[in-house]
Amino acid sequence: MIAINRLHFQYPGAPFSLDIPEFHVASGEKLAIVGPSGAGKTTLLKLIAGILAPQHGTIHVDSTLLETLSDAARRAFRITRIGFVFQELELLEYLDVLDNILHTYRINPVLKLDAQVRERAAALAQDVGLGSKLKRMPRELSQGERQRVAVCRALLPKPALILADEATGNLDPANKVRILELLFRATEGSDTSLVAVTHDHELLPRFDRVVDFMGFHGAAA
Amino acid sequence: MTRHDLYLAWHYLRFHKTRSVILIACLSLIGSLPLSLHFLLDEGERQMTARAASTPLLVGAKGSSVDLTLSALYFSEATVPPVAMADADRVGETGWADALPVYSRFRVRGQPLVGVTLDYFDFRRLSPARGNMLALLGDCVLGSDAAEALGLEPGDTLLTTPENLFDLAGVYPLKLHVTGVLGKSHSPDEQAIFADLQTTWVIEGLGHGHTEQKPAARDGNQPFGQASVNLQADPKLLTYAEITPDNIDSFHFHGDPGSYPITAVIAVPHDRRAATLLKGRFLADDLKTQIVDPHAVTRSLLDSIFRIGALFDAVIILVGCATLLALGLVFSLSMRLRQRELQTIFLLGCSRLKVAQLVAAELVLLVIASGAVCWALLQGVERYGGPWVREFLIP
Amino acid sequence: MFVYIARMLLLSLTLGLAFSHTARADLDSGPLKIVASNYPLAYFAERIGGSRVKVTLPVPASEDPAFWKPDTAAIGQMQKADLIALNGAEYEKWLVRVSLPKLKQVDTSAGFKDRFIVIPNAVTHSHGPGGSHSHGGTAFTTWLDFAQAAQQAEALAQAMMRKRPEFKSSFAENLASLTADLKTLDSDAQRILGSHATEPLLASHPVYQYLAKRYGLQVESVHWEPGEMPSATEWEALQKLRAGHPAKIMLWEAEPSAEISAKLKSMGIRPVAFEPCANRPNSGDFLSMMKRNLDRLGHTP
């Protein structure tokens, strides 16, 4: 699903750099990345998503070499193939639960919003226990409920790859498990892979593989 | 811009109601203010010019042509010295124009009382919407606004008010009979109380009816006879203050009707050549009267209105610029507040262009809403502006 | 497609023009509505206008138009008319008490107002159901001078032509014929009345001033009604009048009663009806009535 070779990335004018000689994630694999803050975990996810571009090296996602795509194609690729569950991806305060789940479909013409999609969105919400709260506004939801809405939004386009950055942070243990269950369920019975950055070590045993990010500084995992 | 953009923009605006309302209010004010002002100015111009344009020529006493036009056309309180009925006859006798005498000296309870011949109503295309046209001495018909202001309907009576207590020579209170209320004309005629010229001359004291008198001096059946003594002053005579079927035959006039006062004569020339001839006649050999072209007179008044209009425009442009700058500031501030949201959208796979589209959709909605408010405001102005302009323009 | 649109435009334009044209035609079509204040004017208007006018004489047949005053219905009728034919010479005393459009009024005697006969001593008297009335001021039976009658007809015709210029030639033609008739009447009157010129005449009412002036008659008037036997005092007054004015003929507005006739004849006075014809006659018209008047005077020995 993901193949990274001899990657070098550096933020312009910043001392931080990221070098990854080689990194692979198989289809359907559930991978957890751990490591200290500032190690470059989020940067890696953004590189995989095509939001950032490396100075050197190649990134293949779903057999596509990202650097060969134009900006527009990369955005289209991102929106159709990758599901994001980032902490910085907020819900839109002015849209209700259902509209937040459907939001991706409204902002990119590559995705077609039709009755089927709406049904699937409602079904997803039902699935995560928000079936009765479709018309609620985000401010009326608890932190856990908001995170579940964000997960639904990421899963709606049926992505081939789910990137989760601290998706369970700030949640109570019950909700952490619940969110993780949701993400796992999305990968089940399909080729969808999950790459999750997490600090919750108690959840690690449930992943197929855990990568400690300390190892990326200069050497392959 | 897609329907999705508009959908999102609509939800955004709805969510931030206060902000949206303020923005819409600002935009509509900026839009409707100059439009309303220009409408009011145009309406003023229309009222002035329509009235003036439909009044070809005016003959009246020498003096201020503006006062003459205002009092003969708009029944203003401006006092102009009267001319004689003979001047109206003189206009008619030229054969070049129809003469419509107008006598607008009096006011009754704040409304102008205008003495005219019945031709005036044909000329202005006025006819009673309720009741009937003037028929007898002592009748009056009311303009629609005058009827409303006085609270009178056909069949009611209206007492004229004496000008002052010591005016022994005439102007006594006469009870007028309201025979009809004229239809809407959107002109100063709506404000007026119309009576036959002869009725206004009775009010003036030039004609009257009274109880028995020595037959030798009786002029009852001699209208416009030779007698010049004003019998009003005779304490033995009981002068009627209301004209009724029983006493109407005792009403009579004294003196030469040609000398009776009128404010002005509306002269309606039969053609352009006749107008020129008529103007020449009055310009050449007359010391006491003047002939004016009301259109030209109002144009001079309008010039000052247009200057006010230009000033308004300058002020509005400045205020508009200031408001637009403030709106720009509001927008850029709200963009900053929305940074995280925009970041989200961007990360989800939106181009920068999309963000611009969303903002544009928002602007479109704001403009549409402001446009609607603006339209509603203008409707209001159009509906209620006319009378307001009339009061404002005509002293 | 373009041709089709152009055709439709042309068609609607033509229709629009056609409609506006008919609307305008409607406005001016129909006969010219004339209200006359006495019969002579009504007759003139009918003669001049023919089928192009609708003439109304609002005065009831039983009333003398000189002492009539219009009621509200008659005022309304006059207000709605296209032309109000007035005799002038203070004939329409009601005019100052009613509201009528001045531009529609035509004062037919205005052209000769400098020749109006002023009656110096006004006399008020009363008779009949009309109450008291006065014969003061200006003499008003202007039409009994047939030259003046022609002038009145002319003034009326001019006003009619101004109102309906499209009928100018027809009106002018009819006026010429009327004028010719009045001229014949005038010369007949000159011829017939000329023979009475030196002879003193009496009149039951002072209505023959213009007749007398035009045709050189010496007329003295009393105020007698054809159907009302004068009192003894009035007969005495007549006798006194005859002392200085030895008249053998007395002109009457209508045939006097047999009783009056007999008494007059016994005094050597022949009553002759010379009807001013102010109201519409039961039979005949203005011209035939005037001819009959002249004939009656002509046949008087």
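In this predicted model, helix 3 of chain A passes helix 4 of chain A in a right-handed crossing, meaning that the near helix is turned clockwise from the far one by less than a right angle. Local features need pLDDT of at least 70 and side-chain atom pairs count only at pLDDT 80 or more, while totals for chains, interfaces and linings use all residues. Residues are numbered from 1 along each chain as its sequence is written, with chains lettered from A and ligands numbered from 1 in the order in which they are written.

The axes of these two helices, residues 97-107 and 115-127 of chain A, come within 10 Å and cross at roughly 130°. Axes are lines fitted to C-alpha atoms, over the stretch in contact for helices, and angles run from 0 to 180 degrees between N-to-C directions. Helices (H or I, at least four residues) and strands (E, at least two) are DSSP runs, numbered from the N terminus.

Now to the sheet of chain C, where 4 strands form an open sheet in the order 2-1-3-4 with parallel pairing; strands pair if DSSP finds at least two bridges between them. The twist averages 25° from one strand to the next.

| Edge strand | Residues |
|---|---|
| strand 2 of chain C | 53-56 |
| strand 4 of chain C | 105-107 |

Strand 1 (residues 32-36) of chain C is joined to strand 2 of chain C by 4 bridges, and Leu32(C) stands opposite Val53(C).
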